[in-house]
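Notebook open, viewer open. I'm going through this one piece by piece and jotting down what I look up.

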Amino acid sequence: MQQTELDLWHMRRALELAAQGQGYVEPNPMVGCVIAQGAEIIGEGWHRRFGGDHAEIEALRLAGRRAAGATLYVTLEPCCHHGKTPPCTQAILEAGIRRVVMACRDPFPQVDGGGAAELQAGGVQVEVGLLETEARHLNAPYLKLIETGRSWIIAKWAMTLDGKIASRTGSSRWISSAESRRIVHAIRGRVDAIVVGRETARRDDPLLCARPPGPRTAVRVVVDTRGSLRSESQLVRTARQTPVLVAVGQEATESDRSRLTEAGCELFVCNGETHAARLDTLLAELGRRRLTNVLVEGGGRLLGSLLDARQIDEVHVFITPKLIGGATAGSPIAGQGIEHISQALPLDAPELQRVGSDVYLHGRMLGQG
């Protein structure tokens with residue numbers, strides 16, 4: 001059936017609603033729902049928090065008896081299984097919904113076409129694909145986690161106009177403006193993990209918490225093969241208040257492992273003969289833990305390894321109009337890198353804005369949602 005402008009209008013509203021769940025619903029997807037009788041919206045809702053009512057249930061509750069014969073617009077296929085909540089498909093059928101328009105199917109194994117099939121078997125007219133590109137873009141981190149078992153990797157750094165993240169002596173506070181740092185804290189508050197390398201942890205002694213707190217409390221991850229993270233560091237001293245995961249290699253001594261675990265850190269041993277192999281083991285573990293969004297804040301070696309492995313999905317860069325120079329001053333991405341400019345990895349429709357005295361550029365890698 002040909003989609004109408006009215007259908008598009010209602011689905012756009014459903015997508016707006018879905019986006020309000022960002023940071024609250026993971027590892028579940030963001031979902032929005034609108035129930036309408038023609039142009040009149042009689043119920044709407046979104047998935048507000050993990051374990052809470054799904055968007056369809058919230059919208060059906062508002063619509064009440066008027067839902068009979070109405071059209072339900074939803075950004076993701078309704079669930080048809082018992083999880084933390086009962087199946088939405090049964091509630092839709094019981095409400096007497098006549099038509100369901102969904103933006104895209106849910107690849108979650110216990111749904112994956114089953115929700116649409118159950119509704120059709122119950123006599124509901126089902127249409128799939130309206131604003132599918134927009135819906136998949138919204139839930140790209142969820143879709144990646146379900147389809148690949150890997151987290152969505154967000155790379156972030158602040159640098160000077162000449163591409164330096166620190167001076168030749170390692171001084172880096174503060175490269176970016178206070179306004180830029182507020183944006184970083186907002187990002188921290190909606191992700192599941194914040195990752196830094198050993199040198200960044202040593203040089204900056206970061207706390208890696210969102211200030212003010214956001215909807216999520218991220219586990220703080222340090223990639224530290226030797227397990228040398230100092231006991232006096234802010235991360236170790238606060239490990240009992242906010243989780244710290246130290247990713248070590250076989251090289252880490254038993255004394256350092258005991259020192260860190262006794263301080264409240266969790267250790268994960270990354271197997272592999274090379275840095276790249278150990279990093280891949282860590283990424284697989286973060287996915288196994290169903291950490292949907294992972295923010296990587298440096299340093300250059302860690303980000304370079306991720307770029308070499310083509311594991312960066314999204315980039316947030318803060319560029320300050322300052323020059324510091326220095327042949328040995330740090331750059332944001334090291335690693336092996338590409339050989340030819342023609343192989344450079346582009347961003348897809350990046351956004352550029354002025355933030356305080358800085359320029360803020362962010363976007364997804366081409367082909368990533």
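Predicted model: local features only at pLDDT ≥ 70, side-chain atom pairs only at ≥ 80, totals over all residues.

Helix α2 covers residues 55-63, and its buried residues are Ala55, Glu56, Glu58, Ala59, Leu60 and Ala63.

Then I picked Ile35 and listed its contacts, skipping neighbours within four places in sequence. From α2 I found Ala59, Leu60 and Ala63 on the list. Ile35 also contacts Glu40, Ile41, Ile42 and Gly43, as well as Ala70, Thr71, Leu72 and Ile97.

Ile35 turned up again when I checked the largest nonpolar core. This core has 42 residues, and the ones touching the most other members are Met11, Ile35, Leu72, Ile97 and Val100. Helix α1 (residues 5-19) gives the most to the core, with 6 residues. A reminder to myself: in soluble globular proteins, nonpolar side chains tend to be buried together.

On to the sheet. How many strands form it, and in what order? I wrote down 9 strands in an open sheet, running β10-β9-β8-β7-β11-β6-β12-β14-β13, with mixed pairing. The edges are β10 (266-269) and β13 (347-355), and each of them pairs on one side only. On average, neighbouring strands are turned by 20° against each other, if I ignore direction.

I zoomed in on one pair here. Strands β12 (residues 314-320) and β14 (residues 358-365) run antiparallel and are joined by 6 bridges. Across this pair, His316 stands opposite His362 of β14.

Which helix packs on this sheet? I found α11 (residues 275-288), which touches β6 (152-160), β8 (219-223), β9 (244-248), β10 and β11 (293-296). Its direction makes about 125° with that of β10.

Last stop: α11 has a helix partner too. It packs with α12 (residues 300-308) at an angle of about 80°, and the axes are 10 Å apart. Angles of 65 to 115 degrees count as roughly perpendicular, so α11 is roughly perpendicular to α12. From α11, the contact uses His275, Leu279 and Leu283, while α12 brings Arg301, Leu302, Ser305 and Leu306. Sorted by class, I get 4 nonpolar, 2 polar and 1 charged residues in this contact.

How values were computed. Residues numbered from 1 in each chain as written. Heavy atoms only, no water. Core = buried A, V, L, I, M, F, W, Y, C linked by side-chain atoms within 4.5 Å. Buried < 20%, exposed > 50% of the residue type's maximum accessible area, 1.4 Å probe, protein only. Helix = DSSP H or I, 4+ residues; strand = E, 2+ residues; numbered from the N terminus. Contact = heavy atoms within 4.5 Å. Pairing = 2+ DSSP bridges. Axes fitted to C-alpha atoms, helices over the stretch in contact; angles between N-to-C directions. Parallel < 35°, antiparallel > 145°, perpendicular 65-115°, else oblique. Nonpolar A, V, L, I, M, F, W, Y, C, P; charged D, E, K, R; others polar.
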